[in-house]
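Please examine the structure shown below.

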Amino acid sequence: PAKILVPEMPAGRRQIEEVLKERAGFRIKIVRPAGQEMKTIVKLAERNAFLLLKERMLATKLQDRKDALFEVKEMLSLSDLPLVIECYDISHFQGSETVASGVVFVDGQPQTSAYRHYRIRSVDGINDPASIQEVIGRRLQRLLNEDRALPDLIVIDGGFTQLSAACASAQALGLNTLPMIGLAKQREEIYIPGSPVPVSFDPESAGMKLLRHLRDEA
């Protein structure tokens with residue numbers, strides 16, 4: 001083109017024009033838009049550039065999420081890719097009013113419309129294992145009653161004791177093979193059902209970052 005429109009005049013404009021002239025064999029002017037038509041063209045170009053950048057960023061994030069899901073699958077020796085992961089956490093207010101939160105990630109990203117808040121009904125005082133046992137039981141029973149799909153993986157915010165309580169709820173409903181893990185806060189270690197000895201993975205790996213994101217969201 002004989003003319004290049006730019007939103008802001010670049011430093012060294014004359015030198016750039018000279019290089020372009022040498023390459024093209026004719027003079028090319030770099031100008032800022034003067035009339036409304038030129039300004040509209042520049043705005044359109046900016047909009048197109050923004051959409052392209054956004055598209056590329058989303059593609060990168062999508063690939064990052066896929067990598068994270070594959071890592072979680074390999075780390076935990078899951079038979080299927082964990083496309084739907086749920087995470088549960090127990091909280092207290094001054095030793096009473098125990099509540100639980102449940103978050104859901106689909107394809108590696110939060111699905112906030114599926115988040116849940118629970119009031120603990122069967123436990124007095126602070127008893128995290130009993131509380132998590134109640135919540136997991138209520139959640140799984142509801143999914144069964146409504147004939148809905150079970151999650152591919154359940155993450156419990158806690159150690160071996162909390163995980164064991166959650167597994168007991170699943171087993172009581174005949175869901176012995178439902179994948180579950182515990183994610184301990186202190187050392188970011190993972191507990192596997194049936195083993196009180198935690199396993200560690202690279203904390204900066206995509207899979208661990210995804211699991212921490214789940215836990216932090218809960």
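Which residues in α3 meet which residues in α4? The model under discussion is predicted. On the side of α3, the residues in contact are D128, P129, I132, Q133, I136, G137 and L140. On the side of α4, their partners are T161, Q162, A165, A166, A168, S169 and A170. Sorted by class, the contact of α3 with α4 has eight nonpolar residues, five polar residues and one charged residue.

The geometry of this contact may be considered next. Two packed helices are described by the angle between their axes and by the distance between the axes. For α3 and α4, which spans residues 160-172, the angle is about 35° and the axes lie 8 Å apart. The crossing in which α3 passes α4 is right-handed.

Although D147 is not a glycine, its phi is positive, at about 55°. Is D147 buried or exposed? D147 is exposed, because its relative accessible area is 71% and a value over 50% counts as exposed.

D107 is not a glycine either, yet it has a positive phi of about 55°. The relative accessible area of D107 is 39%, so this residue is classed as partly exposed, a term for values between the limits of 20% and 50%.

Notes:
Residues numbered from 1 in each chain as written. Predicted model: local features only at pLDDT ≥ 70, side-chain atom pairs only at ≥ 80, totals over all residues. Heavy atoms only, no water. Buried < 20%, exposed > 50% of the residue type's maximum accessible area, 1.4 Å probe, protein only. Axes fitted to C-alpha atoms, helices over the stretch in contact; angles between N-to-C directions. Helix = DSSP H or I, 4+ residues; strand = E, 2+ residues; numbered from the N terminus. Left-handed = near helix turned anticlockwise from the far one by under 90°. Contact = heavy atoms within 4.5 Å. Nonpolar A, V, L, I, M, F, W, Y, C, P; charged D, E, K, R; others polar.
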